[in-house]
Amino acid sequence: PKQALVCYFSASGVTRGVAQRLATAVQGDLHEIVPEQLYSDADLDWHDKQSRSSVEMADKSSRPAVKDAAVAGLSDYKTVYIGFPIWWYTAPTIINTFIEANDFGQARVVLFATSGGSTIDKAYADLQAAYPAINWSGAHLLNNATDDQLAALK
């Protein structure tokens, strides 16, 4: 099996930077989770209850469309990392779209996130509860992670 695949969703570029560093540290391949409709600054305005991200996060059944959602050969990887920014204390609903479109097989799945002030704990608990068949293997907030800390996630 292939060793590692780092999948990530990044609305503003912060999570992308961490994902690129993580892929290098764990010698993994990189896959961006790209929304069919990119998020504008207005879409991301969490102060606006009518903004796209606010509406999506208020509706737990929301599944924003993802370009090429199913990753060919995903179950061939030993470890799959899934990264995202924390939205409303949990994972953006686009992460559910991605998870539901893929077969993780026996892969070890590790979550990572970036956040301005939240922990990753609720996101991890929410995803574990929603997808109990996945082989979850921890969750890490990687805002200011060093290269050594990233390499330790192998």
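Is arginine 63 buried, partly exposed or exposed? Keep that one in mind while you load the model, which is a predicted one. Select arginine 63 and you'll find a residue that is partly exposed, with a relative accessible area of 33%.

**Stop 1: the arginine 63 pair**

**Stop 2**

Next, pick Asp43, Arg52 and Glu56, which are linked in a network of salt bridges. Start with arginine 52 and look towards aspartate 43: their side chains meet at 3.5 Å, N to O. Then turn to glutamate 56, where the closest N and O atoms of the bridge to arginine 52 are 3.1 Å apart. Arginine 52 and glutamate 56 are 4 residues apart in helix α2, which means that about one helical turn separates them.

How accessible is arginine 52? Its relative accessibility is 16%, so arginine 52 counts as buried. Glutamate 56 is buried as well, and aspartate 43 is buried with a relative accessible area of 15%.

**Stop 3: serine 53**

Stay in α2, which covers residues 52–58, and select serine 53. Serine 53 is buried, with a relative accessible area of 1%. Which backbone oxygen does its side chain reach? Show the backbone of aspartate 43: the serine 53 side chain comes to its oxygen at 2.7 Å. Leaving out neighbours within four places in sequence, the contacts of serine 53 are Asp43, Leu44, Asp45, Trp87 and Trp88.

**Stop 4**

Move on to α4, residues 121–130. Colour Ala123, Tyr124 and Leu127, which are buried. Look down the helix axis: the buried residues fall within an arc of 95 degrees, so they line one face of α4. The buried residues pack against β3, α3, β4 and β5 (135–141).

Aspartate 126 counts as partly exposed, at 30% relative accessibility.

**Stop 5: the cores**

Go back to leucine 127 and show what surrounds it. Not counting residues up to four places away in sequence, leucine 127 touches Phe84, Ala91, Ile95, Asn96, Ile99, Leu111 and Trp136.

Zoom out from there to the largest nonpolar core, which has 33 residues. Leu127 is among those with the most contacts inside it, along with Ile82, Phe84, Ile95, Ile99, Phe104 and Trp136. For a view by element, show β1 (2–8), β3 (77–85), α3 (93–100), β4 (108–114) and α4 (121–130), each giving two or more residues to this core.

Methods. Residues numbered from 1 in each chain as written. Predicted model: local features only at pLDDT ≥ 70, side-chain atom pairs only at ≥ 80, totals over all residues. Heavy atoms only, no water. Core = buried A, V, L, I, M, F, W, Y, C linked by side-chain atoms within 4.5 Å. Buried < 20%, exposed > 50% of the residue type's maximum accessible area, 1.4 Å probe, protein only. Contact = heavy atoms within 4.5 Å. Polar contact = N/O pair within 3.5 Å; in protein donor to acceptor, adjacent residues only side chain to side chain. Arc of directions from axis to C-beta. Salt bridge = Lys/Arg side-chain N within 4 Å of Asp/Glu carboxyl O.
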